[in-house]
Amino acid sequence: MKARGRNSELVYSTGTGDVRGERARGRKDVRGGGAGRQERPAAPADGIVRVGRETKGRKGKGVTILTGLPVSGRELEALARELKALCGAGGTVRDGVVEIQGDHRDRLVRALEERGWRVKRSGG
């Protein structure tokens with residue numbers, strides 16, 4: 001076969017979308033995480049811990065979300081472990097946000113208020 005010129009560059013693929021545009025913008029990963037995972041907006045730094053419930057991307061199963069916690073790193077991991085034990089549920093810390101499986105908003109609001117933090121229920 002004959003070698004093709006400069007116009008033989010891949011422009012679009014159903015697997016990755018607009019290939020040329022991604023490279024031009026210098027983006028490494030278009031999807032930004034796992035399949036279907038959306039990045040949460042940053043929590044406001046107003047000193048209020050927000051306790052909400054989410055079901056997006058979890059096949060209808062709800063998780064309790066804790067944002068705005070005034071701790072980070074290992075302290076956040078230890079706090080999440082303690083709160084998961086209090087609720088008797090699993091969970092994780094992802095991007096500075098604690099996720100606890102199930103709807104435990106009331107129990108978590110009481111526990112965080114006992115620590116002296118300002119807490120609000122967010123969402124419905």
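**Close-up views of a predicted model**

**View 1. Lys 59 in the loop between strand E3 and strand E4.** In this predicted model, Lys 59 is found in the loop that runs between strand E3 (48-54) and strand E4 (63-67). Although Lys 59 is not a glycine, its phi is positive, at about 55°. Most residues other than glycine have a negative phi. The residue is exposed, with a relative accessible area of 84%, a value that lies over the 50% taken as the limit for this class.

**View 2. The largest nonpolar core.** In soluble globular proteins, nonpolar side chains tend to be buried together. The largest nonpolar core of this model has 17 residues, and those with the most contacts inside it are Leu 66, Leu 69, Leu 83 and Leu 112. At least two residues of this core are supplied by each of E3, helix H2 (74-87), E6 and helix H3 (105-114), with the largest share, 5 residues, coming from H2.

**View 3. The surroundings of Leu 69.** Leu 69 is one of the residues with the most contacts inside the largest nonpolar core. When residues up to four places away in sequence are not counted, Leu 69 touches Val 49, Leu 76, Leu 79, Val 98, Leu 112 and Trp 117. Among these, Leu 112 is itself named with Leu 69 as a residue with the most contacts inside the core.

View 4. Gly 73 has its place in the loop between E4 and H2, where, at 49% relative accessibility, the residue counts as partly exposed; the limit for exposed residues is over 50%. In sequence, Gly 73 and Gly 96 are 23 residues apart, while in space the separation from C-alpha to C-alpha is 8.1 Å.

View 5. The side chain of Glu 99 is joined to the side chain of Arg 58 by a polar contact of 3.4 Å.

Methods. Residues numbered from 1 in each chain as written. Predicted model: local features only at pLDDT ≥ 70, side-chain atom pairs only at ≥ 80, totals over all residues. Heavy atoms only, no water. Helix = DSSP H or I, 4+ residues; strand = E, 2+ residues; numbered from the N terminus. Buried < 20%, exposed > 50% of the residue type's maximum accessible area, 1.4 Å probe, protein only. Core = buried A, V, L, I, M, F, W, Y, C linked by side-chain atoms within 4.5 Å. Contact = heavy atoms within 4.5 Å. Polar contact = N/O pair within 3.5 Å; in protein donor to acceptor, adjacent residues only side chain to side chain.
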